[in-house]
Amino acid sequence: MQLIFFNDTRRLVRIHPASILHGCKVNKEPIKYLEQRLFEMPKDTFPWVKLWDDGTLGLTILVSPMIESE
């Protein structure tokens with residue numbers, strides 16, 4: 001599965017390191033305004049997404065693969 005994130009926030013969005021540690025394949029450079037970024041999930045998973053303002057670095061996105069349960 002794949003997720004495409006489109007940054008329409010007018011701000012820089014940083015990729016949380018846990019996205020990669022949890023198994024996503026993604027370019028870890030910050031996502032600029034009006035850019036899109038492809039997150040590739042491991043097989044048989046779907047993305048769990050959280051976007052927040054951490055107050056100091058700006059916006060951060062975490063994309064974590066979740067296993068589909070039956």
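Beyond its neighbours within four places in sequence, Ser19 is in contact (heavy atoms within 4.5 Å) with Cys24, Ile61, Leu62 and Val63. Ser19 is placed in helix H1, residues 17-21. The residue is buried, at a relative accessible area of 0%. Here buried denotes under 20% relative accessible area, exposed over 50% and partly exposed in between, with a 1.4 Å probe and protein chains only.

The model is predicted; local features need pLDDT of at least 70, side-chain atom pairs count only at pLDDT 80 or more, and totals for chains, interfaces and linings use all residues. Residues are numbered from 1 along each chain as its sequence is written, and side-chain values use heavy atoms, without hydrogens and water.

The protein contains one helix and five strands. Helices (H or I, at least four residues) and strands (E, at least two) are DSSP runs, numbered from the N terminus. Their order from the N terminus is β-β-α-β-β-β. The radius of gyration is 12 Å, close to the 11 Å that the globule rule gives for 70 residues, so the protein is as compact as a globular protein of that length. This radius is taken over C-alpha atoms, and the rule is 2.2 Å times the number of residues to the power 0.38. The C-alpha trace spans about 40 × 20 × 20 Å along its principal axes.

Of the 70 residues, 30% count as buried. Among contacts between residues at least 6 apart in sequence, 49% join residues at least 24 apart.
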